[in-house]
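Subject: Structure handover

Hi there,

Here is the structure I promised to pass on to you.

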Amino acid sequence: MNVSRVLVAAGKWRFFPVSLRSSLFQALHNSCRKKSTAPKKIIPNIAVCDKNTKESANALDKLFSSEQQASILHVLNTASNKELEAFKLLRGRKSINIVEHREKYGPFQNLESLTNVPLFQYKTAVQVCNSILCPETGARKRKSHENRLLKKLIKPEIERERLKAVNSIVSIVFGTRRIAWAHLDRKLAVLDWQQSEYFQLMKGTYISSVYLEEISSVISKIPKADFYVLEKTGLSIQNSTLFPVLLHLHIMEAMLYALLNTTFAQGGQHQVLSMNRSAVGKHFELMVGDTRTSGKELVKQFLLDSVLKEEPRVFFPSDKIVHYRQMFSSTEHYRIEELYDSLLQAVAFYELVVFAPEP
């Protein structure tokens with residue numbers, strides 16, 4: 001609304017002196033111009049922002065005691081780039097940024113200054129400080145990863161200490177017609193290696209008493225050991241044509257578990273383990289896709305190396321090497337895979353489980 005027109009219409013305009021009318025009119029005109037719709041430029045309150053930043057940084061220092069702060073600052077100020085990368089959260093560009101910031105601005109005076117380093121916001125800085133104080137967190141993660149790998153190899157779960165302390169094992173592999181075992185000590189010396197055949201287990205119905213009689217007879221020949229390692233087959237239960245074979249293998253496995261786990265009733269300690277067949281095949285590069293090929297040639301090479309090499313991978317005692325070579329030769333023209341696989345499984349158990357280095 002035009003204010004000057006209102007004043008004229010109201011009869012007030014005539015009371016103003018002529019000398020003031022022009023200036024008053026101009027002032028009223030300027031004050032009544034249409035206001036701009038453009039948004040006002042907001043000037044940040046720098047003092048408030050600085051205060052919030054300082055409080056956030058101070059909060060970082062308050063999370064740790066003076067001793068803890070000193071320990072963290074010692075690492076940040078003295079560790080090399082490679083030493084900083086030992087902490088998982090400081091790998092890559094973060095460790096480089098810390099060193100560059102240190103070289104440019106001097107040592108870190110407090111934890112607050114860590115937030116001035118590129119890639120280090122408040123939350124990241126807290127995590128880094130915690131990882132420096134507690135490097136065992138990374139060790140626990142490595143151990144957890146190791147345990148997951150171990151679970152893929154053997155079942156049930158066994159304490160790592162028991163596995164590392166093993167003195168001897170018996171590796172057992174069974175099929176539809178025979179069962180074989182290999183007894184090896186921790187020097188990978190073959191103490192016993194043989195097989196036994198059975199023909200009536202899968203004939204007709206699966207009679208429990210027949211299984212018990214046959215398997216008990218085999219177990220009476222198997223030597224004592226710290227662990228008994230059974231091969232875990234990879235056959236799929238979805239293939240209905242293989243159901244009779246799977247049923248037989250599961251009965252064999254259950255009977256061996258029950259009859260060999262002699263200490264389980266007393267202390268609840270498992271002596272019988274299952275080992276993944278495919279994992280053994282991969283260890284010896286015997287896998288073609290999902291199919292495992294024969295280990296006969298590899299076992300033949302083990303026997304040969306035991307005679308020719310001073311430190312063979314597998315050691316066959318001199319008083320038994322002739323017997324084992326004759327046994328191998330007599331079965332070489334037949335598919336006695338259980339015999340070969342029992343030895344390979346024992347070697348893989350030691351190399352993958354017992355002697356495996358810490359990750």
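This is a predicted model: local features need pLDDT of at least 70, side-chain atom pairs count only at pLDDT 80 or more; totals for chains, interfaces and linings use all residues.

The protein holds 16 helices and eight strands. Of its 359 residues, 37% are buried. If you take the contacts with a separation of 6 or more, 65% of them join residues 24 or more positions apart. The exposed surface comes to about 22100 Å², with 56% of that supplied by carbon and sulfur atoms.

Next, helix H4, which runs over residues 66-78. Its 13 residues reach 18 Å from the first C-alpha to the last, close to the 18 Å expected at 1.5 Å a residue. Which residues of H4 are buried? They are Gln69, Ile72, Leu73, Val75 and Leu76. On the face of H4 turned away from the buried side you will find the exposed residues Ser66, Glu67 and His74.

Finally, a spot on the surface: Leu304, Val307 and Leu308 form a nonpolar patch there, and together they have about 280 Å² of accessible area. Leu304 lies in helix H14, which spans residues 296-308. Leu304 counts as partly exposed because its relative accessibility is 36%, a value between the cut-offs of 20% for buried and 50% for exposed.

How values were computed. Residues are numbered from 1 along each chain as its sequence is written. Side-chain values use heavy atoms; hydrogens and water are left out. Patches are made of residues with over 30% relative accessible area and no salt bridge: like charges are joined within 9 Å, nonpolar side chains (Val, Leu, Ile, Met, Phe, Trp, Tyr) within 5 Å. Accessible areas come from the Shrake-Rupley method with a 1.4 Å probe; for residues, only the protein chains shown count as cover. A salt bridge is a side-chain nitrogen of Lys or Arg within 4 Å of a carboxyl oxygen of Asp or Glu. Helices (H or I, at least four residues) and strands (E, at least two) are DSSP runs, numbered from the N terminus. Buried means under 20% relative accessible area, exposed over 50%, partly exposed in between (1.4 Å probe, protein chains only). The expected span of a helix is 1.5 Å times one less than its number of residues. Contact means heavy atoms within 4.5 Å.
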